[in-house]
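Please open the structure in a viewer and keep the selection tool at hand.

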Amino acid sequence: MPENVAAEPDLQLLRGWIGREERVSDVITPELVRRFNATLNLDVDTLKVGEPAPLLIHLCLAPTVAATAILGPDGHPPRGDFVPPVPLPRRMWAGGELTFNNSLRVGDRVERLSRIADIALKEGRSGRLCFVTVEHNIVVGGKPALTEIQNIVYRGQGDPAGKTETASVAKPGAYSRRIAVNTPLLFRYSALMFNGHRIHYDRPYAMETEGYPGLVVHGPLQATLLVHFAAELKDGVPPRRFAFRSVAPLFDDADFALHAAEDGKNLRLWTAREGGPVAMQATACWL
């Protein structure tokens, strides 16, 4: 994106993108599964063609491919084709909701039909925010496998840390698991998603240009860890629905934990660093 991207968003112009569609396809190869599992410290060697693929591996399929020469200063591809040309410089994954219909399997050719569902402007603590809602329908062999609602937020420079210092310290869950954060984990996950966003792997850029205290832990990575934790707590049974929302950022300057608590037959889940606020909150439902 251009260096001078800072204009006031034109809602009427942006809403012209509502209804725009994109259709792509990709294959869940055994090698992708091996790399995914190795990145998340899952079992590397057990999954073979025809077996259920790891939850949320679809986020690593059919990424946007743009020549390195046209990437913006932040590492993102240009906007204005499928993604609306929001003139606010910072882009974050705000949350999402997934409904699982059938398991994706190793070897599946997956088709994804994406549609811009809504675009809205709001006023936040750090200034104007633009929310873009994208609907994804994931299909295998003409049959629906899962649907996903993805919420992306764009904002100005503002306060990169979101002023979380006054937020309440997160309480521990009935179940917890510590996650060690390091640069290889963040770099590998970026590589799986073909995600060039520099805040996740370029420390000088993240700290000196964006003003963060360290590298930023991906929202989708947190969501992936939480949904796997949820399935594990239910004897390996994946949820029927999974919704998550980013509340505060996590950085690589401290490890964090996955937390879960029973909510009837479902689970409430969240991430938090020790002594810090809830970073991502989620709900996993089996009904």
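A residue is called buried under 20% relative accessible area, exposed over 50% and partly exposed in between, with a 1.4 Å probe and protein chains only. By this rule, select Cys 130: this residue is buried, with a relative accessible area of 0%. Cys 60 is buried as well, at 4%. The model is a predicted one, in which local features need pLDDT of at least 70 and side-chain atom pairs count only at pLDDT 80 or more, while totals for chains, interfaces and linings use all residues. Residues are numbered from 1 along each chain as its sequence is written, and side-chain values use heavy atoms, with hydrogens and water left out.

How many disulfides does a search of the whole structure find? The search, which looks for a pair of cysteine sulfur atoms within 2.5 Å, finds zero.

Next, display the strands. Helices (H or I, at least four residues) and strands (E, at least two) are DSSP runs numbered from the N terminus, and two strands pair if DSSP finds at least two bridges between them. An open sheet is formed by 10 strands with antiparallel pairing, in the order S1-S3-S4-S5-S2-S7-S10-S9-S8-S6. Strand S1 (21-27) and strand S6 (175-179) are at the edges with a single partner strand each, so one side of each has no neighbour in the sheet.

Within the sheet, select residues 127-140 and 143-155, which are the antiparallel strands S4 and S5, joined by 12 bridges. Val 134 has Gln 150 in S5 as its bridge partner.

Now turn to the interior. A nonpolar core is a set of buried Ala, Val, Leu, Ile, Met, Phe, Trp, Tyr and Cys residues joined through side-chain atoms within 4.5 Å. The largest such core has 52 residues, and Phe 242 and Leu 269 touch the most other members. Helix H5 (residues 219-233) supplies the largest share of this core, eight residues. Apart from it lies another core, of 12 residues, including Trp 17, Cys 130, Val 134 and Tyr 154.

Finally, select helix H2 (residues 30-39), where Leu 32, Val 33, Phe 36, Asn 37 and Thr 39 are buried. Viewed down the axis of H2, these buried residues fall within an arc of 160 degrees, so they line one face of the helix; the arc is that of the directions from the helix axis to the C-beta atoms. Their cover includes S1, helix H3 (183-192) and H5, where contact means heavy atoms within 4.5 Å. After H2 comes Asn 41, with a positive phi near 60 degrees.
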